[in-house]
Amino acid sequence: FFSPPERFDEVRRSPESAALYWQELTAMIEQLHSFACIVIWVPFNEGWGQFDTRRVATWLAGLPPSRKRLVVAASGWNDVGLGNLGPLGDIFDVHNYEASP
């Protein structure tokens, strides 16, 4: 269930949808945290399903050392941390499909 966003860069999820997101994110981290090849958690890519970004990125950044990785809060665009609130995550990236390589 997705409803129109209050802000252009995030969706509003139903409580059930948000709970399922957190359940899946937690399960993914629990399953994959021991793989040394995973160096970055990216909770949102190009805004798909992006919600409550500041809370998600802050939670990821505060994981215990055994599960801690770099964080890209929103890969591609929709970085809601820019501006007066300060950056979110450790890396800011942009997906540019318009320019020549």
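Biologist: How many salt bridges does the protein chain have by this rule, and what makes a pair a salt bridge?
Modeller: The count comes to 2. A salt bridge needs a side-chain nitrogen of Lys or Arg within 4 Å of a carboxyl oxygen of Asp or Glu. This is a predicted model, where local features need pLDDT of at least 70, side-chain atom pairs count only at pLDDT 80 or more, and totals for chains, interfaces and linings use all residues. Residues are numbered from 1 along each chain as its sequence is written, and side-chain values use heavy atoms, leaving out hydrogens and water.

Biologist: Why is the pair of arginine 67 and glutamate 30 called a salt bridge?
Modeller: Their closest N and O atoms are 2.9 Å apart. The cut-off is 4 Å, so the pair qualifies.

Biologist: What does this pair tie together?
Modeller: Arginine 67 lies in the loop between α2 (53-61) and β4 (70-71), and glutamate 30 in helix α1, so parts 37 residues apart in sequence are tied together. Helices (H or I, at least four residues) and strands (E, at least two) are DSSP runs, numbered from the N terminus.

Biologist: Why is glutamate 30 called partly exposed?
Modeller: Its relative accessibility is 44%. Buried means under 20%, exposed over 50%, partly exposed in between (1.4 Å probe, protein chains only). So glutamate 30 counts as partly exposed.

Biologist: What about aspartate 52 and arginine 55?
Modeller: Their side chains meet in a salt bridge at 3.4 Å, N to O. Aspartate 52 has a relative accessible area of 31%, so this residue is partly exposed.
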